[in-house]
Structure formats: C-alpha cells, structure tokens
Amino acid sequence: MKKRHFYTFLRILGICFLLLIVLFPVYWLVITSVKFPTDVHTPDPKLIPERIRLENYLDIWKTVPLGRYFKNSTIIALSSMFFATLVAVFAGYALSKFRFKGRKTVGMTFLATQMFPGILFLLPYYLIFILIKNSLGITLVGTYPGLIITYTAFVTPFTIWVMRGYFDTIPTELEEAALIDGCTFFQAFVKVILPTAIPGIITIAMLSFMKSWNEVLFATVLTDSDTRTLALGIYEFQQEFKTSWNLVMAAGVVIAAPVMVFFTFLQKYLVSGFTSGAVKG
Amino acid sequence: MLNIEQKRSRFAVKLILPAILLSMFVHIIPTLWGIFISFRKLNIYYIRDWTSAPFVGLENYQRTMSSLSGVFWESLFYTMIFVVFSVIGCLFLGVLGAVLLNKDFPGRNIVRGIFLIPYILPGVVALTNLRFMLLQDWGIVNFVLRNLGLIQENISWLTGPMALVSIIIGNIWIRWPFWFITLLAGLQGISGDVYEAARVDGANPWQCFLKITLPALKPVIVILSVLTALWSFNNFNVPFILTGGSPSKQADILSINIWSRSFKNWDFGTGAAMSVVMMICMLLLIMLYIRVTRLEES
C-alpha cells in the first residue's frame, strides 16, 4: 500500500514538473505583455506585477504596421492551408489505397524532400521566381501566390504522410461497397471515404496553417514591405523598440491568439488525428 | 476498353499529380539547381546575370573542406551536438509525459491540452519569449537562479558558449509535445492485460516500463528520432530567433552559418557547396540510424 502511495506521489510530482515547464513561459509571455516598460526592463522583475498596462495592446499597432502583417499572414496561411489539405488528401488517398507503378518511389521521394535543406534551395528558388517574371511576366516575389505555393509545398510531404497513415486505417470494404452501389471512384472517395477522415483532415489543416504562420527563412527573401508576414513582424518589433519587450510580448500574444483559439476548439480532432495517422511507422 | 485495374491506376495518378508537380517545382528542381550552383563561382558580381557565373569545378567544395575547414567542421560539430541533445531531451520529456498521462485521472484531458501548448504556440512567439526569458540582465531565468543562490554573476545565455545550451533548450521546448502526443497514442495501443500479467508475476512499475513499455514504443521512437533529427539539422528558426540573427560560434549551427555565408557575404557558390555537404551528412546519419536499428532487431 505504502509503495503505491509513493508511486502516486512520483506521478503527481512529474506532472507538476512538466506543467511548470510549459506554463511558466506562457505565463511570463502573457504577464509581460501587460507590464509597464519600467517593470520589464529591470534586473528584478516582479513575478506578479503591482500594476498593469493594457495600452500595450493599443501601442503595438502604431509603429510597426502589424495590422497589415496580420492581414497578409491570414490570407497566406488560410490559402496555403486550403491547398495543402486538398493536395495532401488526394495524394494520401492515392498512396494508401491504390497500387500503381512507382508508388513506392513517389512515397519515398516525398519523405526525402524533408531532408533537403531549405537554405540550399532558397536561392535557386528565388532565381526561378525571377526567371518566371522575366520570361512569362508573372511576378511571384513579394506577392501572395508566391508564398502560398511555397508554403503549400513545404507542408505537403508531411501532411501526405499523415493522411496516408489515416487512410490506411479505413477499411477498403467501405469503398468497394460504394463502388458496387454504382458510385464512380471520385464519388466513392468524396461521399464515403472523406467523411470518415475528418479528424485527419483537421489535423493536417491545422499543421499547414501553423507552418505558414511561423515560417521565417523564406519569408525574409520572398516578401516585401507590402506582403511581410507576422512572423517577420515580431522580429521587426525587436529592432524598432529595442527596449520595449512588453510591446514585443503583446505582439506575440496577438500572433498566438488565433492559433490558440483554433486549437482549443479542435483539440479533440487533432489528438485523434495524430492517434490514428501520424503514429504509424 | 480499360479494365478496372487500369482505370484505378489512372485515377490514382490524377489524384497524386498535383502533389508531384508542386514538389518538383518547389523542392526537386531548386535543389538540383542548388547542386549545380555549388560548382559555380556565384557571388555578388555575378548574381545579376547568374548564367555567366564561371564554372569552378570542386573549388567551392575544396574551400569548404580546407580553408574554411575550421569554420565548417566546427559548425558541423556543434550542429551534431544540437541534434543529438535535442533528440535526447525530446525523448526524455516525451516518454515522461506519455507515461504519466497513460492512466486516466480527473482532469487528464486538460493536462494533455496544456502539454500541447508549446507545439501549438507559434514558434516565433515561443522562441522570442524564451529569448526574453534568457536575457542576461533582465531575464527571469538569471533572476531566479540568482535568488536561489545558484549563481553569483548573471549568465550570458544568448552569447558565447551557453548559446548552444539555449538553442538546445529552445528546440526541445517547442518539439517535445509532438513526441508526447505520438507516444501517448502508442501507449494507449498497449493492452492493459500485459501489465496485469506482469504485475501478477511480481514485476515492479520500473521493470514494466523497461520490459513492456519501451519495447512497444520502439518503432514510434525510431520514426520520431529520425524526424526530429532531420528537422533539427535543418533548423533555422531556433538559432536565428534565439540569438537575434547573430549567433556566437557555438550557436552558429550549419543552417545559419550557410545563411550568413550566402546572404550576408553573398558567396552563394560556397554556401551551396556547404549545403550539399550538409545534405550528404544527413543522408549518412539516416542510413547509419536505419542500419543500427535493423541490426538490433535481428
């Protein structure tokens, strides 16, 4: 009996340890975002501030055009989320349920692209954009479509992998039954298979949204001041307000908020999406 | 008339074609082009008209290996430390979290949700926040350590040798929840009967963990390690944001080293050559890993 108490105690201790690791930085982020500058830039910061300053959340929109960045990031992230999900659902389904020539090679190639260092293909990629502009007259650098294509492609290898694992768990009989009932392949896919894959789809949608919301390296080269994204915005903040960490943190909270709201509502799906998809070896 | 198999196969090709085209355009062609650039003397003078950049054979590679050798090998060395410790840290925290939350208890779903926060929080925000916490003068980390009497002088976490520790911590903090949730899913797949049987045989929880839990999780751990190693090896965000874009020698891991060679020194040829070597290193790493895990199995 005593031994069991000991193990329960250890478990609680462990959980508290992990909670502290996660929650303290989050707390520090939020609390700093409502502090007065003088309470932030001091060697003796207070764990619980004596006064708070909500105006930080108004100030952040003034010097750095955060509103515009917000709009840019939203457009880019939602579009690449849409396209990445579409592409990954199709490709994942094909890789999971169909036996065709070169299937293994294609699957491996997708995984292998994860190994290509972004830093290696950033410059050639930029040069291709310039080439397209010079020969076809389509501007991609500093435009939404340029970034949307980029981010869509960045996440698809991983999202295809998740979707493929997910479709593997859905019995083939389901599709066959629909085919016998007279559906075409496409109808069977859309009407019968897709609805069962919703948790997986939500998972990959979320993942692709986060990738574009977060990306820094390619955004530094492929955006201009009109299309700059939030991820660069927070960096710009540190330059503009060399000493105003309270504003940097307020901007951080604003950047994090949409994703956190998304997640809170979709957590159930996200977890089950991972459970059946990503785990598979 | 096409038979059903041919029809199926045509349908599959249509489904997968967009993904292939996208990957060709963004990953494969630019990467091949990058390899091509690594044989050219492409610098600021030729960038306007990059087709005229002279072919220099292996000169860029020679420079990487010899005259830059100090810089390159050192950077590779620190990158390896970064990757290895990141994987170990994620493994530790991920397994710990998964094991602790495997058994149901009131509020488990809430705790699970909280554990996922670092993964959901945008990386730029999480890392900027960690940077702020680690600041030498105003950082809360130094404040706490000082008040606990563990240090006398403030540690400079973001510059000098400690920057390597900081980027490892930052990398682990944003990645371990992915391990946690995948491992938890793996654990839930182990039948409770196995543990029951072990307990009847007199095994203690630690023995159960070593003999049942770990072996069952091994395939998942292998995949997670490979993915984490790749993502860390390639990582740009963590060192870039934590060090504010100007890392010390110890935090100057390959991706950021190549970035500054290419976009600060405008020496794209050498940058590309370094990237190719980096890619080969990763390939070797993976092959070694697969070999080792296969050997253990047989």
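Is the crossing of H7(A) and H10(A) left-handed or right-handed? Load the model and let's look; it is a predicted one, where local features need pLDDT of at least 70, side-chain atom pairs count only at pLDDT 80 or more, and totals for chains, interfaces and linings use all residues. Residues are numbered from 1 along each chain as its sequence is written, with chains lettered from A and ligands numbered from 1 in written order.

**Stop one: a helix pair.** Select residues 144-168 and 198-214 of chain A, helices H7 and H10 (helices are DSSP runs of H or I, at least four residues, numbered from the N terminus). They pack at about 160 degrees with axes 10 Å apart; axes are lines fitted to C-alpha atoms over the stretch in contact, and angles run from 0 to 180 degrees between N-to-C directions. H7(A) and H10(A) are therefore roughly antiparallel (angles over 145 degrees). And the opening answer: the crossing is right-handed, meaning the near helix is turned clockwise from the far one by less than a right angle.

Show side chains next: Phe154(A) and Phe158(A) are among the H7(A) residues at the contact, and Ile204(A) and Leu207(A) among those of H10(A) (contact: C-beta atoms, placed from the backbone, within 7 Å).

**Stop two: chain B against chain A.** The contact takes 71 residues from chain B and 74 from chain A. On chain B's side, pick helix H1, residues 4-37, which gives the most, with 20 residues.

**Stop three: H12(B).** Select residues 254-263 of chain B: eight of the ten are buried (20 or more other C-beta atoms within 10 Å of a residue's own, all placed from the backbone). Trp259(B) and Arg261(B) are among the buried ones.

Terms used: Helix = DSSP H or I, 4+ residues; strand = E, 2+ residues; numbered from the N terminus. Parallel < 35°, antiparallel > 145°, perpendicular 65-115°, else oblique. Contact = placed C-beta atoms within 7 Å. Buried ≥ 20, exposed ≤ 12 C-beta atoms within 10 Å, placed from the backbone.
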